[in-house]
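Thanks for coming, everyone. Please take a look at the model on the screen, and then we will walk through it.

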Amino acid sequence: VVYAEPITALMPAVPYYYCAIAENAFGMAFGEVVMFVPGATPPVVVTGAASAITATAATIEGTANPNGTEATGWLRYGLTDPGTCDDSFGTRVPGTGGTALGAGTEPAAFTESLTGLEPNQTYFYCAAASNLGGASFGEILSLTTEALPPVITTGAPTVGPMGAVALNGLAHSMGSETSAWF
């Protein structure tokens with residue numbers, strides 16, 4: 001059964017904690033403790049440009065105005081464009097927590113270095129931050145990692161009957177359109 005209890009005369013920007021409680025003939029049960037802050041404004045988040053882009057790494061950044069409440073920032077990235085950013089998109093960096101942004105009223109910058117990326121691949125990313133007023137997300141931007149030349153291995157020839165020879169090689173395209181020849 002859903003139930004609600006309106007409350008009034010709360011102080012703005014002050015944390016409040018509550019939990020739901022129910023009781024029947026077999027005992028009393030308590031719900032999870034939840035915190036809220038009336039009047040707290042979520043951070044204003046802007047996704048920044050990517051930098052230091054190589055074939056396998058990049059640095060992504062964002063800024064967030066904590067709006068006077070302690071805030072934490074993080075970034076998300078993935079291979080598909082989600083249209084809008086939220087906490088279900090791609091991979092979160094760092095995986096848990098984030099960068100402490102303070103409780104100021106001016107934008108604070110935060111960055112994350114991505115490694116292990118694939119060459120010549122487009123990645124989508126966004127900045128995110130939260131404070132006592134909730135979480136906010138920046139716009140989705142993209143970056144494309146640099147292409148690499150192919151990796152080539154020359155194999156031993158295959159010698160058939162009557163002196164027929166087949167030349168052998170192996171080419172790894174490294175994510176780019178590749179032509180190979182002898």
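Strands here are DSSP runs of E, at least two residues long, while helices are H or I runs of at least four, and both are numbered from the N terminus. Two strands pair if DSSP finds at least two bridges between them.

A word on provenance. This is a predicted model, where local features need pLDDT of at least 70 and side-chain atom pairs count only at pLDDT 80 or more, though totals for chains, interfaces and linings use all residues. Residues are numbered from 1 along each chain as its sequence is written, and side-chain values use heavy atoms, leaving out hydrogens and water.

Strand 5 covers residues 44–47, and threonine 47 is in it. Strand 5 pairs antiparallel with strand 6 (residues 57–65) over four bridges.

Is threonine 47 buried or exposed? Threonine 47 counts as buried, because its relative accessibility is 6%. The cut-offs: buried is under 20% relative accessible area, exposed is over 50%, partly exposed is in between, with a 1.4 Å probe and protein chains only.

What does its side chain reach? The backbone oxygen of glutamate 139, at 2.7 Å. Also the backbone nitrogen of alanine 127, at 3.0 Å. Leaving aside neighbours within four places in sequence, threonine 47 has contacts (heavy atoms within 4.5 Å) that include Glu61, Tyr125, Cys126 and Leu141.

Now strand 7, residues 71–78. Seven of its eight residues are buried. Which strands does it pair with? Strand 11 (residues 122–131) is one, antiparallel, through seven bridges. There, arginine 76 has cysteine 126 as its bridge partner. Strand 9 (residues 99–102) is another, antiparallel over three bridges. Alanine 71 is bridged to glycine 102 in strand 9. Strand 8 (residues 91–93) also runs antiparallel to strand 7, joined by three bridges. Tyrosine 77 stands opposite threonine 91 in strand 8.

For contrast, take another threonine. Threonine 8 lies in the segment before strand 1 (16–18). Threonine 8 counts as exposed because its relative accessibility is 69%.

Finally, the whole chain. The protein has zero helices and 15 strands. Its radius of gyration is 27 Å, whereas a compact globule of 182 residues would be near 16 Å. That radius is taken over C-alpha atoms, and the globule rule is 2.2 Å times the number of residues to the power 0.38. Along the principal axes, the C-alpha atoms fill a box of roughly 95 × 50 × 25 Å. Of the 182 residues, 27% count as buried. Among contacts with a separation of 6 or more, 59% join residues 24 or more positions apart.

How values were computed. A polar contact is a pair of N or O atoms within 3.5 Å; within protein, one must be able to donate a hydrogen and the other to accept it, and residues adjacent in sequence count only if both atoms are side-chain atoms.
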